[in-house]
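Here are my notes on the structure you sent over. Please read them with the model open beside you.

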Amino acid sequence: MDFAIHGNIVYNNVLWETEELCRLKKKFDVFLQRENIHTTSTIALAMERTPRLLTAVMSLLDQGVVFLPIDRELPAERLQYMLDTAEIDYIITDGEWIQERKVECPVLFFDQTDLEIPPEPVTGIPAGRQELAYLLFTSGTTGRPKAVEVRREGLLNFISAMLERIDFPAESRIACCTSEMFDIFFLESVLALCTGMTVVLADQDERKNPRMVCKLLQDEDVNVIQMTPSYLQMIQSVDPEYHCLEKMAVIMVGGESFPLLLLEKLRAVTKARIYNMYGPTETTIWSLVADLTNSREVVIGQPVSGTEVFILSENEQIVEAGQVGEICISGRGLARGYRNNEEQTQKSFKTLQYGEQVARIYKTGDLGCKKSDGNYTCLGRKDNQIKILGHRIELEEIDECMKQISYITNAVSCLKEDTHGKKIICFYTAVEERAGDDLRKALGDKLPSYMLPARFVKVDDFLYTISAKIDRSEMVHRYCKEYDEESENRQDKKCGSRQWVIQCFGGLLETEKGNIQDHTPIETLGIDSLTYINFIVQAEEELGIEIDDEYLASGSFSTVGDIIQYFDHLRETGRSK
């Protein structure tokens, strides 16, 4: 199998057919040749989210050039660290935004209009194809993200294995709503284009707006989707009965724990085959698949082709079926390791000897067990890694970044789950107390927005277990103030927009209302996309207003005052339900 394009792309209501996509891919091949980009190069791909991005990815894979996808939402300091760690030779872009970031790395601008396709096939790349396919960064416990080196063999094995395990319809139309920095993007793009599917590509605004995604799924007759449970929750917030999923043939769910109630809801509204997917970036996207269409329990299934799973004890011995241990994965999907991080590579990738056989394994850090029927279950983490909106987050990375702030003496971050969803609470000790927006701003240069804590709590000391480890669960229980959900969520519809907005944010974010002012920037509040959608849904219900689609994406407003002004406008002009 190669990385030739056999499918189509639908983008902004326009169909890009195979022939046109192949022509654009060849132009990118010519561009690589002209700029002397070859298999010894490592490039960062910073292109706008259009069909050009997908054809560039296909070209780089086909030509054997290792690449790192990046997007405009990365903090400047983190972006520069990633470029340095990955030893990026050039950034290739088709937009102006990367040049405005003033990063220390050569930038090449791809302009398809000045490129001619030669009459003969482009052979351009002088050396043999690289062992590696691409790099992706994941959160790290040291305060710095790690660059996973994903191998070509692993990606090719993944594609063939998915075709064996997933019952894709003959004329698949798959939604591509995932960020290009998240590994499951490669299923929605590369796998789809290699196998003749039509990719319905959501643009940068659409993919962040659940109401727009619902419309896209229905308008473009999408019949295959891949989503995290959190994103499905956002879809349900704007489409409670999941009307947008009624015509689905395949629903793939992964990246987080799959709640049984969500599975039952999906079964009730669609006749689709429903799959639970499991696998870390280090083993190339998905390593186990479970068909849960008719299942009464949620399991992660069985290994895909070319993959083997071991459940190991603390002393790295294989345990019997039914016993709990760490999920470890072996096979063709294993990454080479972490770029320029031999210590972490040695820690996570081990050699396992069992009987007379030897296997290289990746230790996932997840606890699980093998059932008597051969299916595997995942029982949560054995460390402090969490998942929010499908993103892997090492709480220690937040802690380490906090401790780099001059007046912070120590920090520990915790996950709090309640009816409003998941929130990161950061407890800290310091020589002085600072407002949450000051701390969030200081972290904003080091961490992406999805990793920023929703609340900061200054404490005199941390709480510890009997074994002298920080007791994160007790920290949340004792130090987080209790609040009356009913009184906060059921505000008088006649109250002013300002009062309601501040009270609602105070409840959702568990912060003092006095810390939220009209001039407070939204980005400093630590609001993830799911919290924002919960806020919008409550606003429509409690204030009796109907919010325009373009304001459904997080980041639509700059300050709290902008939201208040918009809500007042809707109420004054009679824009109510």
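This is a predicted model: local features need pLDDT of at least 70, side-chain atom pairs count only at pLDDT 80 or more; totals for chains, interfaces and linings use all residues.

The points below run from the whole chain down to single residues.

1. The protein has 577 residues, and 57% of them are buried. Its secondary structure comes to 18 helices and 26 strands. Take the contacts in the protein with a separation of 6 or more: 66% of them join residues 24 or more positions apart.

2. **Helices α1 and α2.** Helix α1 covers residues 18-34 and helix α2 covers residues 51-63. Their axes come within 8 Å and cross at roughly 60°. That angle makes α1 oblique to α2. The crossing of α1 past α2 is right-handed. On the α1 side, the contact is made by L21, L24, K25, F28, D29 and L32. On the α2 side, the residues are P51, R52, T55, A56, M58, S59, L60, D62 and Q63. By class, this contact has eight nonpolar, three polar and four charged residues.

3. **T55, within that contact.** T55 belongs to helix α2. Is T55 buried or exposed? Its relative accessibility is 1%, so T55 counts as buried. Setting aside neighbours within four places in sequence, T55 touches I5, L21, L24 and K25. Among these, L21, L24 and K25 are also α1 residues of the helix contact. The C-alpha atoms of T55 and S189 are separated by 9.4 Å, with the two residues 134 apart along the chain.

4. **Helices α5 and α6.** Helix α5 spans residues 152-165, and helix α6 spans residues 185-194. How do they cross? Their axes come within 11 Å, at an angle of roughly 85°. The two helices are therefore roughly perpendicular to each other. F158, I159 and M162 make the contact from α5. L187, V190 and L191 make it from α6. The residues of this contact divide into six nonpolar, no polar and no charged.

5. **Cysteines.** How many disulfides does the structure hold? The count is zero. C214 counts as buried, with 6% relative accessibility. C22 counts as partly exposed, at 23% relative accessibility.

6. **E87 and its backbone.** E87 is not a glycine, yet its phi is positive, near 55°. Where is E87 placed? The residue sits in the loop between α3 (76-85) and β5 (90-93). E87 is partly exposed, with a relative accessible area of 46%.

7. **N340 and its backbone.** N340 also is not a glycine and has a positive phi, of about 55°. N340 lies in the loop between β18 (337-338) and α11 (342-348). Its relative accessible area is 52%, so N340 is exposed.

8. **E314 in its loop.** E314 is placed in the loop between β16 (307-312) and β17 (325-331). E314 counts as exposed, with 70% relative accessibility. Which distance separates the C-alpha atoms of E314 and G325? They are 7.4 Å apart, while the residues are eleven positions apart along the chain.

Notes:
Residues are numbered from 1 along each chain as its sequence is written. Side-chain values use heavy atoms; hydrogens and water are left out. Axes are lines fitted to C-alpha atoms, for helices over the stretch in contact, and angles run from 0 to 180 degrees between N-to-C directions. Helices (H or I, at least four residues) and strands (E, at least two) are DSSP runs, numbered from the N terminus. Angles under 35 degrees count as roughly parallel, over 145 as roughly antiparallel, 65 to 115 as roughly perpendicular and the rest as oblique. Contact means heavy atoms within 4.5 Å. Ala, Val, Leu, Ile, Met, Phe, Trp, Tyr, Cys and Pro count as nonpolar, Asp, Glu, Lys and Arg as charged, and the others, Gly among them, as polar. A disulfide is a pair of cysteine sulfur atoms within 2.5 Å. Buried means under 20% relative accessible area, exposed over 50%, partly exposed in between (1.4 Å probe, protein chains only). A crossing is left-handed if the near helix is turned anticlockwise from the far one by less than a right angle, and right-handed if clockwise.
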